[in-house]
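I opened the notebook to look up how this protein is built. The entries follow.

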Amino acid sequence: MPFPRLPVCCTRGWFWLSMFLLWGITLWILSDGPVPIRKGPTFPGLDKLLHFGYFFGGAGLLSAALYLHGRPRSALSLSRLVLTVVIVLAAIGALDEWHQSWVPERSGNDLGDWLADVAGALTGTLLFTRLRLLLDRAIQNSIATEDPP
């Protein structure tokens, strides 16, 4: 089964780093206002699930940025990639909780939210390490099928 061609921008670390920065800006904006009022049924721990999912996505973006940045010259080892991404996102999660403690109508410094952030970051990064081979194959396919100038 042939792999899809990726746009050239998706094969570069700067693209994924730009998406990660956009992710961070969005996080700041979402944390800077009151908690949105939810209509309809809710369940306990929904906010933890949202934290997990958001940081899961951020981990994928940062993992791709770091993985592709030095590729193929001096690729970051997978264990260092996981450690770096989890530490960076844990720090961002802690900063987000601290930031929320200063926002009216928000409750920051929630250890459960931060743990959900870290769990999402770890899970997202570990999944990336498994799926990176698919990214490598898609990039190779994109490079091999590029038309000459």
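In what order do the elements run from the N terminus on? I read α-α-α-α. I counted four helices and zero strands in the protein. Helices (H or I, at least four residues) and strands (E, at least two) are DSSP runs, numbered from the N terminus.

Source notes. This is a predicted model, where local features need pLDDT of at least 70, side-chain atom pairs count only at pLDDT 80 or more, and totals for chains, interfaces and linings use all residues. Residues are numbered from 1 along each chain as its sequence is written, and side-chain values use heavy atoms, with hydrogens and water left out.

Whole protein. I looked up burial: 34% of the 149 residues are buried. Buried means under 20% relative accessible area, exposed over 50%, partly exposed in between (1.4 Å probe, protein chains only). The accessible surface is about 9400 Å², by the Shrake-Rupley method with a 1.4 Å probe. Carbon and sulfur atoms hold 70% of that surface. I then checked contacts (heavy atoms within 4.5 Å). Of those between residues at least 6 apart in sequence, 82% join residues at least 24 apart.

Helix pair. I turned to α2 (residues 46–69) and α3 (residues 78–101). They pack at an angle of about 135 degrees, axes 10 Å apart. Axes are lines fitted to C-alpha atoms, for helices over the stretch in contact, and angles run from 0 to 180 degrees between N-to-C directions. The two helices are therefore oblique to each other. Under 35 degrees counts as roughly parallel, over 145 as roughly antiparallel, 65 to 115 as roughly perpendicular, and the rest as oblique. The crossing of α2 past α3 is right-handed, that is, the near helix is turned clockwise from the far one by less than a right angle.

Which residues make the contact? From α2 I listed H51, F55, G58, A59, L62, S63, L66 and Y67. From α3 I noted, among others, L81, V85, V88, I92 and Q100. The contact residues divide into 10 nonpolar, six polar and two charged. Ala, Val, Leu, Ile, Met, Phe, Trp, Tyr, Cys and Pro count as nonpolar, Asp, Glu, Lys and Arg as charged, and the others, Gly among them, as polar.

Two residues. Q100 touches S31, H51, R106, S107 and G108, leaving out residues up to four places away in sequence. L21 sits in helix α1 (residues 13–31). L21 is exposed, at 51%. From L21 to L62 I read 9.0 Å, C-alpha to C-alpha, across 41 residues of sequence.
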